[in-house]
Structure formats: C-alpha cells, structure tokens
Amino acid sequence: RISIYGKNKEEWEKLAKWFRTYDIQCEQIRWLVQVPRLYPLFRKMGLVQNFAEMLANIFEPLFLASMHPETYPEMFWMLQQFIGFDSVDDESQGTNVTLQNYPPPENWTSEENPPYTYWMYHMYANIQSLNDLRR
C-alpha cells in the first residue's frame, strides 16, 4: 500500500517521481492507494478549506494524468502499477441513513470528519468516473 493523504495536489507528482526514479514495477505486484481519513487534521491545520478541496487533492491529479499522459508521463506510468484504493479509519462510526442529510463536499467546512458512508460515496463516485475515463 502507498498512502496519499489529500493535503495537497503535489503528493501524486512526488510519488510518481519516486516510482520512476527507483523503477518501481513488477508484473506480479500491484499497489493499492491507501487514503487515511485525515480531513479533520488537515482542516484544523488550514491545509484544506473544505472536503471538496481534499477530494480534489486526491483525484484531480489522476484525472489530469489520465487525460494528458504526455504532460504527466511519470504519473501516467505510475498509475499503471495501481489496482485499487483502500480507506483507513474506524468504519464502525455511526452515520445517517441517507446522504441527503449532508451538505455537498464544497459546503463541508466543519472540522468534523465526514461520516464513513459520506467518504465512501465520494470516493466511489470519483473512482467510477476515473475508471470510465481510463477505459
């Protein structure tokens, strides 16, 4: 597993450079991207202003590398080594039954962590869109 935290968009580029510098690749080994649910920490530190910004930090570089591989060759190459995403936190936390009870990510400005189901819905939506783009 390789962790991406979502505190800024440069994380992916640094990781991609490391992958290429050390030629991290193997036909028998693929990597999972681990995303720790650290939104409250990054919000309190002022690294992100809302949950949408954190999602953008996690996913926007992937979309850009997928749409423009010639501009992001290291990231495009690295993405071919990954097979999935993993969430890290206490999944047993309570949550409302429906997402309709929560604001959209750009309006989630609280320092509280969004519920697990909220996180997973937005992770799923971005992963699904990314997969559709990469087909």
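**Reading the model**

Mentor: Let us start with arginine 37, which is placed in the loop between strand E2 (31–36) and H2, where helices (H or I, at least four residues) and strands (E, at least two) are DSSP runs numbered from the N terminus. The model is predicted, with local features needing pLDDT of at least 70 and side-chain atom pairs counting only at pLDDT 80 or more, while totals for chains, interfaces and linings use all residues. Residues are numbered from 1 along each chain as its sequence is written, and side-chain values use heavy atoms, with hydrogens and water left out.

Trainee: Is arginine 37 buried or exposed?

Mentor: The classes are buried for under 20% relative accessible area, exposed for over 50%, and partly exposed in between, with a 1.4 Å probe and protein chains only. Arginine 37 has 4% relative accessibility, and therefore it counts as buried.

Trainee: Which residue's backbone oxygen lies 3.1 Å from a polar atom of the side chain of arginine 37?

Mentor: A polar contact is a pair of N or O atoms within 3.5 Å; within protein, one must be able to donate a hydrogen and the other to accept it, and residues adjacent in sequence count only if both atoms are side-chain atoms. For the side chain of arginine 37, the backbone oxygen at 3.1 Å belongs to proline 114.

Trainee: What is the volume of the largest pocket?

Mentor: On a 1 Å grid over the protein atoms alone, a pocket is an open set of points where a 1.4 Å probe fits, with protein on both sides within 12 Å along at least five of seven lines, and lining residues have an atom within 4 Å of a point. Grid points are joined across faces, edges and corners, and the volume is the space filled by probe spheres set on the points. For the largest pocket, that volume is about 210 Å³.

Trainee: Which elements give two or more residues to the lining of the largest pocket?

Mentor: The lining includes Phe82, Ile83, Phe85, Ile127, Leu130 and Arg134. By class it has 8 nonpolar, 2 polar and 1 charged residues, where Ala, Val, Leu, Ile, Met, Phe, Trp, Tyr, Cys and Pro count as nonpolar, Asp, Glu, Lys and Arg as charged, and the others, Gly among them, as polar. The elements giving two or more residues to the lining of the largest pocket are strand E3 (82–88) and helix H5 (116–134).

Trainee: How many aromatic pairs does a search of the whole structure find?

Mentor: Rings of Phe, Tyr and Trp (its six-membered ring) pair if their centres lie within 6.5 Å, and planes under 30 degrees apart count as stacked, over 60 as edge-to-face and the rest as tilted. Ring pairs link Trp12, Trp18, Phe19, Tyr22, Trp31 and Phe82 into a cluster. For the whole structure, the number of aromatic pairs found is 12.

Trainee: Why do the rings of tyrosine 39 and phenylalanine 51 have the class they do?

Mentor: Tyrosine 39 is buried at 0% relative accessibility, and phenylalanine 51 is also buried at 0%. The ring centres of tyrosine 39 and phenylalanine 51 are 5.7 Å apart and their planes lie at 85°, so the pair is edge-to-face.

Trainee: How far apart in sequence are the parts that this pair ties together?

Mentor: Tyrosine 39 belongs to helix H2 (residues 39–44) and phenylalanine 51 to helix H3 (residues 51–67). The pair therefore ties together parts whose separation in sequence is 12 residues.

Trainee: What class does the pair of phenylalanine 59 and phenylalanine 85 fall into?

Mentor: Phenylalanine 59 is buried, with a relative accessible area of 1%, whereas phenylalanine 85 is partly exposed at 26%. Their ring centres lie 5.6 Å apart with the planes at 40°, so the pair is tilted.

Trainee: Which residue's ring does arginine 20 lie over?

Mentor: A charge sits over a ring if NZ of Lys or CZ of Arg is within 6 Å of the ring centre and within 35 degrees of the ring normal. Arginine 20 is placed 4.4 Å from the ring centre, over the face of tryptophan 77.

Trainee: What is the phi of aspartate 23?

Mentor: Most residues other than glycine have a negative phi. Aspartate 23 lies in the loop between helix H1 (10–21) and E2, and it is partly exposed at 45% relative accessibility. Although aspartate 23 is not a glycine, its phi is positive, at about 50°.
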